Structure formats: structure tokens, C-alpha cells
Amino acid sequence: MTHRASALPSRWRRFEPVTLLWIALIAALLVLVAAPILKMVVLSFETQETGEFTFQNYLTAYGRVRYLEALRNSLLLGLLSAAISVVIAVPMAWAVSRTDMPGKGFTWAVVLAAFVMPPYLGAIGWILLAGPNAGWINVAWRAVTGAQAPLVNVYTFTGMAFVIALHSFPLVFIFVKSALDLISSEMEDAANILGGGTWATMRKVTLPLVWPSILGGFILIFLETIALFGTPAIIGIPARINVVTTQLWQFFEDPVRVEVAAAFAIPLLLVTMGLIAVQKLLLSRKGFVSQTGKGGERRQVKLGPWRWVLFGWCLAVGLLSVGKPLLVLMQASFAKAWGRGLSLDNLTLRNYQFLLFEHDMAPQAVWNTVWFSATSATIACGLALLVAYIVVRRLMPFAEALGFLAMAPFVIPGIVMAIGFYAAYAGPPLSLYGSALLVILAFAARFLPIAYVSSQAAIRAVHPEMEEAARILGSGRLHAIRRITAPLLKTPLLGGWLVVFIVASRELSAAIFLVGPRTRTMSVLLYDLTEQGNFEVVSAFGGILLVITMVIVGIGMKLVGRDFMLRRE
């Protein structure tokens, strides 16, 4: 008895308060990641009225031709958008990494701008440019040629895929350039000695070496596209092109059929998980990419006059992805009627005045976007830092399971995550539907992998010896983290926080399912305004969103580095 009594205080003396924090962390990950997805899977097998087990939801979800066509359209749209993205990005990545092309800084700026610009805003710009009736390009075409038919029409399957690719190609660019930066020039030199010209060497030697990265980027864009809501809704619905995401949105129209939506979303989740596994397998084959690593010498390929052709390609991509859409959006935002073109009597500040001072929801949406994004970024980065610390320092026997949970949302499409949160927390007993808390938690879960990857890379760069020295001198683990580790991680953590803030501020796929009348974000309100057809007001509101985004990007460049959004650890 005396032995047991003395053993208990001894155990308590060895007990660290930080253990309670680890337990709370596990609970938080279960609430944010595991519970919503598990609830969605369970709900897909339940009847709405009684909760009994059934396969009827799957029969309903895939029992109509229209629903099957939506699935087919999504798969085809993903393939086409990814293919166009590869065609756009690979020459740009090769030019920046391997050649003497001028304007490399400009090309990086194009990639960053295309990455930052919300895809649905680019879609609105292309409606103003390539609408079959009043689009600028078609108006100019008719004026010059007298033709009746439009030159281009954005309201087509190809047009929609092209617009998506114009804002997806940065992912392929980053993958391919990172791989090209690792390749020594030795194999290319050998090919040149054996008589291979510049273009033959690039085609037969360089590109095959980075083929896994090209395919990995292709898969990632395919997955992003099939989970995208904004552009398919803005362009596809008027064009009567139904895809998985827009069909899921229709399941949430009155009467809400969340159990059918859950069943319809499960195959999307399975496809995503399978292809992410394939992508990881491809990108893990580093030996296929380079045997020499960063130590190999890389010499620039001299292109002669062809370097200007490549620069022209990058310039054209910049005009199509950012320049022209941004120009027409700016014109429309300051126009009384955007179709009247550029003229002094058509200029007005009325659209901005209406949004900032008269619209009943626009100022609230701006505030919602800022504080939802900031809070979700803080939650995501806080959780990610703690999980990454446990995983890297191996503080728990099941640390890898925590890392898996933190990365799990990466393989869960945003729209599927939103349905999971709706299923788990929208109804009783919590009844969080339309609340700020539900949106913030969904955003934090959605972008947790971004924060986790950033935190993990940062912690690996900090040697544990300093923490161990502090603990030898009597410091607790939390005190050592706060006073020693955290200050060393300040810059990379700030970079991760800013990236999460930016992507959360433009998120539409998850927000559209979860916001209420008073919790709409700027992206959701932009979509609502687009449905009303007032493109002048839509463009002005998009301009406000872009200004907020660019301010945050500017802060990030100043504090963290100009490529903080495009850095690949």
C-alpha cells in the first residue's frame, strides 16, 4: 500500500502538462478531419427519414443519365484542362530553368499573378472578353470582318477548360521547374556531342528526365479541376454543361438531399485518393529525375533568336491569363455600362460607391472574408506546428498517425470536405449551419495540409540540440518551444500563415455550401452577383478582392521573400 502511494506521486512528477496539449490536439484533428468524412460516408448509407441502412442513395445519385453525364463531363474537363495546362507550362518552365530567355522575372510574375487571381474572377473576365454576343473580342471581330458568327465563345466545353487551365498551369510550372533545377547539364552535353541539336536534346533527353513531374502536375490539375465549383458554375451552367460540383450544388437546393449528395461525392473522393497515391509514387522516384542532384553543373542553353520566340510565348500566356481579363474587369468596374467600351462619358465610381456604402451585404462580406481567413489560418498554422513538432521530434509512438490526419484533407476535394462538415455539424445537436464557426473550422481543415508542410519543413531545419540544452537547464518542453524554437520558425510560419490566408480568402467550393445570409464571404457574394448579371458591380467587387489579396501578397514578399507562394519545399 505504501509502495503504491509513493509510486503515484512519482508518476505525477514525471507527467508533463504538455501531454494534455497533445491529447487536445488529437481531439482537434478528429473533429476537423476524421468526424466530417466519417459522418458523410455513414450518411450516404442512411435514409433521410429514419436513418436506416440503405443503398438507395447511391441508386438515386447514379440512377439518372443527367447525373452520369455530370460525372463524365467532370472527368473529361479535368483531362482537357490538365492537358492544356501542361502545354502552357512546360515550355515556360524549361525556358526559365534551362535557357538564356530574357524576361525571366516577368515570367515569374506571370506565374504568381495567375496563381493569385481567383479562377472564378478570371472566368468573369473571359465572359466579358469572349461572350458570343457582347464580348470584346467578338465585337471587334464583327466590326473588322462583318461576320455574324462569333470568333470565340467561352460558353463551350473547350472554352471552359481553357479558362480553367489559364489559372491552373502554375502548378505544372512549379513541379517541372523544380525538377529541371535538379538536373545536371552533363547528359544534355553528351547528347549535343553526339550530334543532337538543342530542340532534339530537349525533347529526347531533358523532358523524359522530368516526365514524372509533368505527370504529377497533370494529375494534380486534373484533381483540382474535377473539384472546382466557381468556373464550371459561372460558365458551365449558362452553357448547360453539368459537372459533378454543380450537380452537388443542385442537391442542396430545396428540398436539401444531403444524403444523396454524400453518395454522389464518395466516388469523387475515391478517385482523388487513388490519383494522389499515383502522383506520390511518381514524384518519389527521384532517381528517375536526376542522379547528380543539386551538385551537378547546369549551363544555360543558348537559343539565339529563338529565345525571343519563347519570351513571346510567356508574354502571350501572361496576356491571356492575367493581362486581358484584368484589363476588361477594370474597365467594367469603372463603367456605367461595360459593353459601351472605353470612353470618358462611360466612366464612373458609382459601382464602388454602391458596394462600399450602399450594398446591404458587401461590407459585411469583406469583413467576413478577412476575419474568417485570418482566424482559419491561425488555427491551421497552430495545429500544423504542433503536429509537425510531434512528428519530426518523434515525441509519441503514434506520431505518424497525427501526420496522416493533418495531411488527409489534401486528398479530400474541398467540395467533399464541405459536404462532410455540413453532414456532421450543420444539424442537431450543434446546428452550426450558416455560422461563422462552421465556415472557419471548414477553412482550417481544408488548408491544414498547406500549413503542415510548411511547418514540417521549418522544424526539420531547426536542430533539437538547443531545446535539449534548455531542458537540461530545467526548462519545460513548452517553455523551450516558446522561447527557443518558435522565434527560429517565425519567418517560415509567417509565410505559411499568409499562404493559407490568401487561399482561404478566395475559397468558393467549400464556402458556397456552408455560409448563411450574414456569413457570406466575398467569393460567395461574387458568385451571387454574377447570377444577377450585373457585371459592372461584379467587376468592382472583384477589384476589391484583388486589392486585398495583393496587399497580403505584398506583405508576404516584403517579410518572407518574393516567391513565398510558389516555393516548393
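Predicted model: local features only at pLDDT ≥ 70, side-chain atom pairs only at ≥ 80, totals over all residues.
Where does His 359 sit? His 359 is found in the loop that joins α18, residues 350-358, to α19, residues 362-393. Is His 359 buried or exposed? Its relative accessibility is 16%, and His 359 therefore counts as buried, since the limit for that class is under 20%. Apart from neighbours within four places in sequence, His 359 is in contact with Phe 354, Leu 525 and Leu 529.

Two of these partners lead us to a helix pair. Leu 525 and Leu 529 are among the residues of α28 that meet α29. Helix α28 covers residues 522-532 and helix α29 covers residues 535-559. Their axes are 9 Å apart, and the packing angle is about 165 degrees. Angles over 145 degrees count as roughly antiparallel, and α28 and α29 are therefore roughly antiparallel to each other. The crossing of α28 past α29 is left-handed.

Which residues form this contact? From α28 come Met 522, Leu 525, Leu 526, Leu 529 and Thr 530. On the α29 side they meet Phe 535, Val 537, Val 538, Phe 541, Gly 542, Ile 544, Leu 545 and Ile 548. By class, the contact has 11 nonpolar residues, two polar ones and no charged ones.

Phe 447 lies between α22, residues 436-446, and α23, residues 448-460. With a relative accessibility of 6%, Phe 447 counts as buried. Beyond its neighbours within four places in sequence, Phe 447 is in contact with Val 500, Val 503, Ala 504 and Glu 507. Phe 447 and Phe 410 are 37 residues apart in sequence, while their C-alpha atoms are 7.9 Å apart in space.

Finally, some remarks on the backbone. Most residues other than glycine have a negative phi, and most peptide bonds are trans. The peptide bond from Pro 428 to Pro 429, however, is cis, with omega near 5 degrees. Pro 429 lies in the loop between α21, residues 414-426, and α22. Ser 431 also lies in the loop between α21 and α22. Phi of Ser 431 is positive, near 50 degrees, and at 45% relative accessibility Ser 431 counts as partly exposed.

Arg 240 has a positive phi as well, near 60 degrees. Arg 240 is placed in the loop between α13, residues 230-236, and α14, residues 244-251. Its relative accessible area is 79%, so Arg 240 is exposed.

Thank you for your attention.

Key
Residues numbered from 1 in each chain as written. Heavy atoms only, no water. Axes fitted to C-alpha atoms, helices over the stretch in contact; angles between N-to-C directions. Helix = DSSP H or I, 4+ residues; strand = E, 2+ residues; numbered from the N terminus. Parallel < 35°, antiparallel > 145°, perpendicular 65-115°, else oblique. Left-handed = near helix turned anticlockwise from the far one by under 90°. Contact = heavy atoms within 4.5 Å. Nonpolar A, V, L, I, M, F, W, Y, C, P; charged D, E, K, R; others polar. Buried < 20%, exposed > 50% of the residue type's maximum accessible area, 1.4 Å probe, protein only.
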